[in-house]
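Here are a few notes to read with the model open beside you.

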Amino acid sequence: MTLSADSFVPRHVAVIMDGNGRWAEQRGLSRTAGHKKGAEALKKLLPYMRDKGVSYVTLYAFSTENWKRPPEEVRTLMDLFRSYLDGDITELKKQGVRVSFIGQRDRFPADLAAKMTTLENETKNLSGFHVVLALSYGGRDDLVQAVRRLAARVLGGEINIDDLDTAAIAGALSTAGIPDPDLIIRTSGEQRISNFLLWESAYSEYYFPKVFWPDFTPAEFDKALAEYALRHRRYGGL
Ligand code: IPE
Ligand code: IPE
Ligand code: MG
């Protein structure tokens, strides 16, 4: 029996979209130009991922640590997110894509936070393809928030200490209800997790292409899929 190619397609792909700044610097352009180019790369890639049979895509676009960047870069990133939510994301919504956000929403300007909540509400009943944007997201912060939520439930007498198990923790994270990522791609050649999906990545496969994010084309994604298809996931078993 031959397995269909679909058997090897990851259900959930998470992406650390890294290297926009270096892409721009190599061309003598501003870092902002790199971020813009990165948004264009994403626009081409998402429909391609969906056509390939991926069901969930989580995109790391801004970490809890990225607030440390120069205020000017943070400001231009906020402007870019704003126009991305108004433009490309609204387009995705029309195509029936579910969009949600993980991360510290309250740290964003009020209009941006409101847009995120509106988009989530408007698309929450859509299924088939689910795009999760990680904005001001940090895996450690997400665990802190989960611990606080669970502690409050224990203190309120709703649950007991013994009820705190892996399922309870997974259910208290911002990614509750989303399957763990099968494949995590980080572009730009860096080989680290940088505080992304710490809990959820326990058994994820990693792929580290050298290309900077603006150069991550559908053809590059095909290479990632080919590599993923060769991996043997054992989950600790034999
Ligand atoms: C990733 O690209 C985008 C964000 C973190 C917002 P970088 O901005 O980190 O680009 P490099 O790593 O400096 O090249
Ligand atoms: C990770 O990239 C975060 C995003 C891509 C959004 P960084 O560029 O912030 O990570 P480090 O600083 O190289 O670890
Ligand atoms: Mg970077």
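1. Setting aside the neighbours within four places in sequence, Thr187 is in contact with Ile16, Met17, Asp18, Pro209, Val211, Phe212, Trp213 and Phe216. Please keep in mind as you look around that this is a predicted model.

2. Where does Thr187 sit? You will find Thr187 in the loop between strand 5 (183-186) and strand 6 (205-207). Thr187 has a relative accessible area of 0%, so it counts as buried, the cut-off being under 20%. As for Arg233, it is 46 residues from Thr187 in sequence, and the two C-alpha atoms are 22 Å apart in space.

3. Next, two backbone angles to check. Ser188 is not a glycine, yet it has a positive phi of about 90 degrees. This residue also lies in the loop between strand 5 and strand 6, and Ser188 is buried, at 8% relative accessibility. Tyr235 has a positive phi too, of about 50 degrees, again without being a glycine. Tyr235 belongs to the segment after helix 8 and is partly exposed, with a relative accessible area of 49%.

4. Now for the helices. Helix 3 (residues 71-86) packs with helix 5 (residues 110-123) at an angle of about 30 degrees, and their axes are 10 Å apart. Helix 3 is therefore roughly parallel to helix 5, since angles under 35 degrees are classed that way. Their crossing is left-handed. On the helix 3 side the contact is made by Met78, Phe81, Arg82, Leu85 and Asp86, and on the helix 5 side by Asp111, Leu112, Lys115, Met116 and Leu119. Sorted by class, this contact has six nonpolar residues, four charged ones and no polar ones.

5. Which way does helix 2 cross helix 8, left-handed or right-handed? Helix 2 (residues 31-52) and helix 8 (residues 218-230) pack at about 40 degrees, with 10 Å between their axes. That angle makes helix 2 oblique to helix 8, and the crossing is right-handed. Helix 2 contributes Lys44, Leu45, Tyr48, Met49 and Lys52 to the contact, while helix 8 brings Pro218, Phe221, Asp222 and Leu225. The class count for helix 2 with helix 8 is six nonpolar, three charged and no polar residues.

Methods. Residues numbered from 1 in each chain as written. Chains lettered and ligands numbered in written order. Predicted model: local features only at pLDDT ≥ 70, side-chain atom pairs only at ≥ 80, totals over all residues. Heavy atoms only, no water. Axes fitted to C-alpha atoms, helices over the stretch in contact; angles between N-to-C directions. Helix = DSSP H or I, 4+ residues; strand = E, 2+ residues; numbered from the N terminus. Parallel < 35°, antiparallel > 145°, perpendicular 65-115°, else oblique. Left-handed = near helix turned anticlockwise from the far one by under 90°. Contact = heavy atoms within 4.5 Å. Nonpolar A, V, L, I, M, F, W, Y, C, P; charged D, E, K, R; others polar. Buried < 20%, exposed > 50% of the residue type's maximum accessible area, 1.4 Å probe, protein only.
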